[in-house]
Amino acid sequence: MIRGIRPLLRGSTYAGVLFAYCGALASLPLLPFALLPALSWRSASESVQIVLVLLVWAVLVGVVGLARPVRRALVVSARRLLRVPLPNPVAGRRPSGSLGLDRWRTPLWLVLHVAVGWTGALASGVLFIMGLSLPGNWLGAEARASLFGTSVRVSGGWSWVVAAVCILLAVALCVLVTKALRWAAPRLLGPSAAERLALAAEREQLLAERNRIAHELHDSIGHTLTAATIQAAVAGEALSADPATARAAMRSIEESTRAALEDLDYVLGVLREEQSGTAPTRTLADLPELLDRLRHAGAVVEPELSGDLAQVQGTLSRAAYRIVQEGLTNALRHGAGGPIVARVAAGPDGLDLTVVNRTGVRTGPGPGPGAFPTSGHGLPGLAERVRLLHGEFQAGPDGTQHWRLAVRLPARASA
């Protein structure tokens with residue numbers, strides 16, 4: 001009994017009892033409508049009329065539970081008062097698999113809520129009144145407790161004992177009411193199987209969007225910072241000897257960082273769920289500008305472009321640009337400063353992308369291969385991007401002094 005009293009000392013049990021009693025009181029406006037059938041059938045016995053009133057009352061309460069705003073209100077109140085971790089109902093249309101028993105879960109909960117609330121309120125109220133009134137005649141008078149036609153005479157010191165038992169039973173009943181509602185809330189107010197599928201699909205879509213944003217940030221911001229670092233080193237070395245080269249490097253830093261800021265503004269707008277406008281798109285048409293920025297950074301780039309690149313559109317062109325950009329960025333970070341070969345070949349079946357650079361100790365201007373911290377997500381991210389486009393990916397040493405990145409993208413990726 002003491003263990004049953006301890007939960008009452010916590011505020012969650014008080015809140016649970018309040019939640020149960022509020023459900024009972026909220027059903028009172030429906031009681032006059034439930035009395036109408038019984039009043040129209042006066043020839044029936046009293047017990048039949050009581051059963052009829054209760055049945056009609058339960059049906060009316062269940063009908064109220066069919067409304068979607070009612071369920072949302074019940075979920076919020078149960079989460080706050082019962083301390084049950086319930087997710088919000090799935091917004092939008094009802095899932096296709098929610099027919100059958102799923103749509104009746106909320107009416108069942110509402111009927112159970114009202115029934116438990118009234119049972120707990122009446123029973124605990126009677127027990128509390130008995131517990132407080134029985135010791136009133138403690139000077140030797142006798143007290144009589146009546147319940148459902150049964151009378152019990154209590155006299156002397158036994159009235160205190162019976163009063164204490166009544167109070168303890170009322171407390172235990174309050175705890176039991178709270179526990180019953182907490183047990184039923186996840187099963188009737190929690191997401192159904194169809195809603196769990198909808199929540200999983202929504203979560204998958206959110207994770208895919210975050211993954212795409214991570215790719216965009218890695219490709220755009222990572223490349224810009226790498227190129228800007230090398231360009232700043234070139235400008236510092238050429239500032240006195242070759243001011244024209246230094247100015248060209250500074251202009252390249254300005255252009256590349258401005259493009260990166262556009263990408264960053266768009267990504268931040270998506271994360272804040274704002275109207276961020278159209279996403280900045282980089283396609284193979286922007287490849288010459290990318291190569292010029294790398295040349296201003298002091299890199300020797302040897303492009304080998306073949307096929308009609310202007311005919312490559314959509315996802316295929318954007319993905320190809322990001323793949324070449326990431327390959328060139330890795331060549332700047334880890335290459336030895338020799339010439340970087342960038343091949344882009346467009347054919348009727350798809351695109352072939354290849355980036356080859358020297359490995360070893362850097363011989364050109366700028367930081368060495370170990371000067372750039374790396375997260376290790378570059379190549380795995382590229383492999384994942386190519387896999388989603390149903391392409392082929394290869395990366396690894398090409399001989400003893402070169403590194404080769406080769407990607408094959410099918411034409412169907414342009415959809």
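Q: How many disulfides does a search of the whole structure find?
A: The search finds 0 disulfides, a disulfide being a pair of cysteine sulfur atoms within 2.5 Å. This is a predicted model, where local features need pLDDT of at least 70, side-chain atom pairs count only at pLDDT 80 or more, and totals for chains, interfaces and linings use all residues. Residues are numbered from 1 along each chain as its sequence is written, and side-chain values use heavy atoms, with hydrogens and water left out.

Q: What about the whole protein, how much counts as buried?
A: Of its 415 residues, 38% count as buried.

Q: How many helices and strands are there?
A: The protein has 12 helices and 7 strands. These are DSSP runs numbered from the N terminus: H or I and at least four residues for helices, E and at least two for strands.

Q: How do you describe two packed helices?
A: By the angle between their axes and the distance between the axes. Axes here are lines fitted to C-alpha atoms, for helices over the stretch in contact, and angles run from 0 to 180 degrees between N-to-C directions.

Q: OK, where do α3 and α4 stand on that?
A: Helix α3 covers residues 31–40 and helix α4 covers residues 46–64; their axes come within 8 Å and cross at roughly 140°. α3 and α4 are therefore oblique to each other. Angles under 35 degrees count as roughly parallel, over 145 as roughly antiparallel, 65 to 115 as roughly perpendicular, and the rest as oblique.

Q: Which residues make that contact?
A: From α3, L31, F33, A34, L35, P37 and A38; from α4, Q49, L52, V53, V56, W57 and L60. Contact means heavy atoms within 4.5 Å. By class, the α3 contact with α4 has 11 nonpolar residues, 1 polar and no charged ones. Ala, Val, Leu, Ile, Met, Phe, Trp, Tyr, Cys and Pro count as nonpolar, Asp, Glu, Lys and Arg as charged, and the others, Gly among them, as polar.

Q: What about α4 and α6?
A: The axes of α4 and helix α6 (residues 105–133) come within 7 Å, crossing at roughly 130°, and the two helices are therefore oblique to each other. In this contact W57, A58, V61, G62 and V64 of α4 meet P107, L110, V111, V114 and W118 of α6. The classes are 9 nonpolar, 1 polar and no charged residues.

Q: And α5 with α6?
A: Helix α5 (residues 68–81) and α6 have axes that come within 10 Å and cross at roughly 55°. That makes α5 oblique to α6. V70, R71 and L74 of α5 meet R105, T106, W109, L110 and H113 of α6. The residues divide into 4 nonpolar, 2 polar and 2 charged.

Q: New topic: where does Q231 lie?
A: Q231 lies in helix α8, residues 193–238. Q231 is buried, with a relative accessible area of 0%.

Q: How far apart are Q231 and L294?
A: They are 63 residues apart in sequence and 8.3 Å apart in space, C-alpha to C-alpha.

Technical notes: Buried < 20%, exposed > 50% of the residue type's maximum accessible area, 1.4 Å probe, protein only.
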